[in-house]
Amino acid sequence: MGITSMTGFSSAQGQDQGRALSWVWEARSVNGKGLDIRIRWPQGWDSIEAPARDLAQKCLSRGSIALSLSLNDSSRSASGLTINREWLATLIALAKDLPSSVGQPRLDGLLRVRGVIEENAEPSEAGEHFQTPDLVAAVLETLSKALGGLVAVRCEEGSRLYTVLQGHLASLESLIQQAGETASARPGSVRRRLEQQLAVLLDSKVPVPEERLAQELALIATRLDIREELDRLLAHVAQARQLLETGGVCGRRLDFLCQEFNREANTLCSKSQDADLTRLGLALKTVIDQLREQVQNIE
């Protein structure tokens with residue numbers, strides 16, 4: 001099935017030659033927590049909202065969706081613009097009464113006054129009274145094509161995201177393994193450091209009793225043990241890969257996994273008293289942030 005992105009754009013055109021009418025649907029999609037559908041339609045086409053929304057809900061599960069319908073009725077008169085001469089004459093007469101210090105307005109300025117230039121067009125037949133069942137069906141069929149194109153684009157983007165996410169998971173797995181190797185070498189260095197510290201505190205050349213040293217080492221080892229965190233991190237990597245392989249609507253679950261990744265990485269850093277382990281912990285957090293940023297795009 002594969003994963004799907006929430007970002008994409010598509011458009012589709014349709015026409016009815018008998019009515020000299022054409023239309024275009026545009027479908028845009030960006031990230032969203034749920035499924036948010038917004039639709040724009042021409043005046044008089046309010047009835048298109050409900051069936052258009054139903055079509056979108058059948059195709060998409062998550063994302064902020066913007067659908068826009070535009071109509072072009074070529075049967076409208078193309079005679080262009082006309083001048084409202086009465087209104088223009090009134091403005092010219094009013095201008096003559098202006099003080100000479102103000103000056104007379106220019107013709108181009110008068111032509112820009114609202115109402116002077118009017119569009120000479122016949123009433124559009126694309127309004128509500130022209131919405132026959134066959135026309136509405138044709139317009140909705142075009143919307144289905146636009147939505148199909150949007151789904152295809154989101155799937156293509158999802159394939160690219162899949163590759164990127166798998167790369168991030170591979171980086172996480174490598175860093176976790178390095179952290180495990182670093183942690184396995186810690187007991188010896190911790191023991192040597194503890195012996196030195198105890199010798200200084202006791203201010204004596206007498207060797208530290210092995211029993212006392214073993215007790216202190218046990219306490220320190222308990223506080224610094226990161227094996228559980230590493231095991232959980234590896235388990236999260238395996239679960240994330242399984243979600244990617246299964247595909248479908250998995251964005252929310254991957255986002256939750258990223259939170260768990262971050263929690264374990266924070267614990268690892270807090271337990272670290274070793275420069276190399278701290279460096280690896282910070283590298284883990286960086287890759288986790290990159291992973292979560294990409295996960296936000298998944299449906």
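View 1. In strand β2 (residues 21–30), Leu21, Trp23, Trp25, Ala27 and Ser29 form a covered face, whereas Ser22, Val24, Glu26, Arg28 and Val30 form an uncovered one. The model is a predicted one, in which local features need pLDDT of at least 70 and side-chain atom pairs count only at pLDDT 80 or more, while totals for chains, interfaces and linings use all residues. Residues are numbered from 1 along each chain as its sequence is written, and side-chain values use heavy atoms, with hydrogens and water left out. Strands are DSSP runs of E with at least two residues, and helices are runs of H or I with at least four, both numbered from the N terminus.

View 2. Strand β1 (residues 8–16) pairs with β2 in the antiparallel sense through nine bridges; two strands pair if DSSP finds at least two bridges between them. Gly14 lies opposite Trp23 of β2, and Asp16 lies opposite Leu21 of β2. Four residues separate the strands of this hairpin, where Ala20 has a positive phi near 55 degrees.

View 3. Gly8, Ser10, Ala12, Gly14 and Asp16 point to one face of β1 and are buried (under 20% relative accessible area, with a 1.4 Å probe and protein chains only).

**View 4. β2 beside β4.** Strand β4 (residues 63–73) runs antiparallel to β2 and is joined to β2 by ten bridges. Within β4, Asn72 is the bridge partner of Ser22.

View 5. Glu299 lies in the segment after α9 (275–295) and is buried, with a relative accessible area of 7%. One reaches the backbone nitrogen of Ser61 at 2.8 Å, and another reaches the backbone nitrogen of Arg62 at 3.3 Å. Leaving aside residues up to four places away in sequence, the residues in contact with Glu299 (heavy atoms within 4.5 Å) include Thr4, Ser5, Met6, Leu60, Arg154 and Cys250.

**View 6. The whole chain, for orientation.** The chain has nine helices and six strands. Of its 299 residues, 35% count as buried.

Terms used
Buried means under 20% relative accessible area, exposed over 50%, partly exposed in between (1.4 Å probe, protein chains only). A polar contact is a pair of N or O atoms within 3.5 Å; within protein, one must be able to donate a hydrogen and the other to accept it, and residues adjacent in sequence count only if both atoms are side-chain atoms.
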